[in-house]
Amino acid sequence: MAGIGKAVPEFQDLLPVMAEKLGGEGLMRELCNGFQLLMDKEKGVITVESLKSNAAVLGLQDLRHDELVSMVEEGDTDGDGALSEMEFCVLMFRLSPELMEESQLLLEEFLQEELKSDTFY
């Protein structure tokens, strides 16, 4: 009876904690390190194959092929079937609801300040 009595791990969004501790530049550096870890070294992008071969590092070794494909497709904005470093970083932010909300608030605050400081003729 597989699965009985096993706790299902709950997703914990660690990006906001990392952002707070590392700052913006530090967080981006860590995201770039994560990209380097997962990318196909010859192609310079994350492919389904490179994600599958490195999935154990993330504790995702039990994911099915179609789930890995979905993960890549989720962030593949240019339709080339792989994730560039920029697509990967954008995807990580999109998958972090708290960080997205915080970013939205900072953007709104910045825009309000800009509107206050501009003089209209």
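Visitor: Which pattern does the protein chain follow along the sequence?
Guide: The protein chain reads α-α-α-α-α along the sequence, with five helices and zero strands. Helices (H or I, at least four residues) and strands (E, at least two) are DSSP runs, numbered from the N terminus. This is a predicted model, in which local features need pLDDT of at least 70 and side-chain atom pairs count only at pLDDT 80 or more, while totals for chains, interfaces and linings use all residues. Residues are numbered from 1 along each chain as its sequence is written, and side-chain values use heavy atoms, with hydrogens and water left out.

Visitor: How many aromatic pairs does the structure hold?
Guide: The structure holds one aromatic pair. The rings of Phe-35 and Phe-88 have centres 5.9 Å apart and planes at 55 degrees, so the pair is tilted. Rings of Phe, Tyr and Trp (its six-membered ring) pair if their centres lie within 6.5 Å; planes under 30 degrees apart are stacked, over 60 edge-to-face, and the rest tilted.

Visitor: Where do Phe-35 and Phe-88 sit in the chain?
Guide: Phe-35 belongs to helix α1 (residues 15-38) and Phe-88 to helix α4 (residues 85-94), so the pair links distant parts of the chain, 53 residues apart.

Visitor: Is Phe-35 buried or exposed?
Guide: Phe-35 is buried, at 2% relative accessible area, and Phe-88 counts as buried at 7%. Buried means under 20% relative accessible area, exposed over 50%, and partly exposed in between (1.4 Å probe, protein chains only).

Visitor: And what share of the residues in the protein chain is buried?
Guide: Buried residues make up 25% of the 121 residues.
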